[in-house]
Amino acid sequence: MKYLFPENFYWGGASSALQTEGSDTSRGKTTMDKFFEEAPTRFYNGMGPGKLSNFYENYAEDIALLKKAGLNSLRFSISWARLIPGGRGEADREAVEYYNRVIDEFEKNGIELFMNLHHFDLPIELQNEGGFESRDVVEAYVEYARTCFQLFGKRIKKWCTFNEPIVTPEGGYLYDFHYPNVVDFKRAVQVAYNMIIAHSKAVAEYRKLNLGGEIFTVLNITPIYPRSSNEKDMKAAKIADLIFVRSFLDPFVKGEFNEELKEFLKDNGLMPETQPQDKEIVKNNIIDFLGLNYYQPRRVKAKEHIVNPDSVLLPESFFDYYDMQGKKMNTSRGWEIYPKAIYDMLMTMKNEYNNFRCFIAENGMGVQDEHKFRNKNGVIEDDYRIQFFKEHLSYVHKAIQEGSSCFGYHMWTPIDNWSMINEYKNRYGLIEFSIESGNRQLKKSGLWFNELSKNNGFD
Ligand code: BGP
């Protein structure tokens with residue numbers, strides 16, 4: 001076999017409660033429900049996070065299909081608003097029973113769960129208290145995390161604190177694609193900082209309970225490439241790297257805040273409010289391993305025009321993006337396809353972070369109108385997706401050959417799911433979900449993934 005992977009490699013996928021569970025009446029409301037209610041027209045076809053593929057009721061069928069697609073593991077998330085409607089207090093009995101039934105079903109099918117606590121779905125009541133800008137909400141998160149560890153920690157051995165924590169400040173406080181639709185760099189920094197503290201405190205709680213498992217987080221530390229090696233472009237890329245990559249990576253993996261980022265924040269009046277014990281908390285609670293999401297690189301150049309001093313301060317006040325000439329595009333999603341970046345990201349972990357243990361936690365291809373690729377037997381022949389996986393996996397393989405500690409590959413996402421803004425427009429699944437009939441069926445890539453997992457590699 002040309003690309004054989006290390007023994008016990010994790011072949012799996014990632015999913016989130018918000019994007020799959022549905023049944024909005026049986027759970028509390030989240031920031032994303034609110035976002036949708038306030039501006040349904042911003043969404044592609046006005047379909048909110050309430051309906052969805054209804055994993056809540058169809059979980060047994062869905063888990064059986066995941067097994068058919070060869071997944072030996074899945075990152076799955078608990079809905080905070082379901083487990084503890086309103087965000088604080090006792091867990092809801094029905095929700096506990098539901099998650100236990102789901103865990104039973106995964107166990108029966110031999111699929112190991114990597115359990116995530118937060119995937120863009122803060123209970124709305126806590127957002128109304130100030131969301132992660134508030135230290136009280138940080139404490140509520142830590143309580144919630146402890147409740148989850150106590151309830152399910154004997155059964156689940158891999159716990160994730162946050163999926164892409166940077167998206168909460170980015171979407172909600174900089175770029176207006178998540179609730180509360182604020183555009184304020186300083187507030188975004190405060191949210192990011194408080195999420196780092198929330199994460200570190202949750203790690204501390206987990207370790208106190210001595211449950212014998214591991215705790216991690218998932219970051220989208222997408223590589224950032226400068227347009228050229230001239231000083232100005234390099235400086236622009238450096239700032240983007242500090243903001244989007246080192247902000248969470250350094251405290252989570254090294255236990256310390258990045259000094260250059262601190263300088264940058266100080267110089268621009270963006271320093272967050274801190275508490276005296278924070279530094280110690282971060283230092284003492286380094287994660288066990290890291291999940292890495294990768295879709296497309298960021299390409300950055302120096303600003304070509306002088307920035308108007310009266311304009312709102314944003315990361316882009318310090319750099320511009322540029323398009324690489326002749327780049328390969330996923331035209332449906334509008335994202336550049338650049339598989340080498342997955343290798344570069346793994347090599348950054350190896351060379352700059354002492355080969356910190358990691359795995360690919362999301363990677364995948366969102367495609368529109370896949371029904372066009374249906375064959376005469378009714379199966380979607382998504383050869384482009386198989387090609388996408390092969391190209392990315394050959395780079396993951398190369399990194400491992402060169403010593404990367406990468407121990408798994410989770411694709412996004414096994415079953416076509418609802419997504420913020422895109423709803424069901426871009427399909428990522430190995431398994432097709434029909435909105436009309438509610439049916440699910442394996443695509444060609446699902447059969448391919450099963451072979452990949454069985455053979456622990458591909459030719
Ligand atoms: C990641 C998120 C996922 C998922 C994915 C694809 O950043 O963790 O939740 O949505 O991106 O993005 P989209 O669904 O917008 O195409």
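This report describes helices, strands, a ligand shell and backbone features of one predicted model.

The model is predicted, and local features need pLDDT of at least 70, side-chain atom pairs count only at pLDDT 80 or more, and totals for chains, interfaces and linings use all residues. Residues are numbered from 1 along each chain as its sequence is written.

## Two helices

Helices and strands are named here as DSSP runs, numbered from the N terminus (helices: H or I, at least four residues; strands: E, at least two). The expected span of a helix is 1.5 Å times one less than its number of residues. Helix α14 (residues 383–401) has 19 residues and reaches 26 Å from its first C-alpha to its last, close to the expected 27 Å. Helix α3 (residues 55–68) spans only 17 Å between its end C-alpha atoms, whereas a straight helix of 14 residues would span 20 Å. Helix α3 bends by about 45 degrees at E61; the bend at a residue is the angle between axes fitted to the seven residues ending there and the seven starting there.

A residue is called buried if 20 or more other C-beta atoms lie within 10 Å of its own, exposed if 12 or fewer, and partly exposed in between, with C-beta atoms placed from the backbone. By this criterion F55, D62, I63, L65 and L66 of α3 are buried. They pack against α1 (17–20), β3 (73–77), α5 (93–108), β15 (431–433) and β16 (440–442); two residues are in contact if their C-beta atoms, placed from the backbone, lie within 7 Å. In α14, the buried residues include R385, F388, H392 and Y395. The buried residues of α14 pack against β1 (3–4), α13 (340–352), β13 (358–362), β14 and α15.

Each helix is followed by a glycine with positive phi: G70 after α3, near 85 degrees, and G403 after α14, near 105 degrees.

N450, in helix α15 (residues 444–455), touches K68, A69 and G70, not counting residues up to four places away in sequence. The C-alpha atoms of N450 and G70 are separated by 3.9 Å, although the two residues are 380 residues apart along the chain. N450 counts as partly exposed because 18 other C-beta atoms lie within 10 Å.

## Strands

Two strands pair if DSSP finds at least two bridges between them. Strand β4 (residues 112–116) has four of its five residues buried. It runs parallel to β3, to which five bridges join it, and F76 stands opposite M115 of β4. Strand β4 also pairs in the parallel sense with β5 (residues 158–163) over two bridges; here N116 stands opposite C160.

Elsewhere, three strands form an open sheet of mixed pairing in the order β7-β9-β10. Its edge strands, β7 (224–226) and β10 (320–321), each pair on one side only. Strand β9 (residues 298–301) and β10 pair in the antiparallel sense over two bridges, with D320 as the bridge partner of K301.

## The ligand shell

The residues surrounding the ligand include S16, N163, E164, R333, E362, W412 and N426; a residue is near a molecule or strand if its C-beta atom, placed from the backbone, lies within 6 Å of it. By class, the shell has one nonpolar, eight polar and three charged residues. Here Ala, Val, Leu, Ile, Met, Phe, Trp, Tyr, Cys and Pro count as nonpolar, Asp, Glu, Lys and Arg as charged, and the others, Gly among them, as polar.

## Backbone features in loops

Most residues other than glycine have a negative phi, and most peptide bonds are trans. The table lists exceptions.

| Feature | Value | Location |
|---|---|---|
| Cis bond, Y179 to P180 | omega near 10 degrees | P180: loop between α8 (167–173) and α9 (185–208) |
| Cis bond, W412 to T413 | omega about -10 degrees | T413: loop between β14 (408–412) and β15 |
| Positive phi, D176 | phi near 60 degrees | D176: loop between α8 and α9 |
| Positive phi, E423 | phi near 50 degrees | E423: loop between β14 and β15 |

D176 counts as partly exposed because it has 14 C-beta neighbours inside 10 Å. E423 is buried, with 21 other C-beta atoms within 10 Å.
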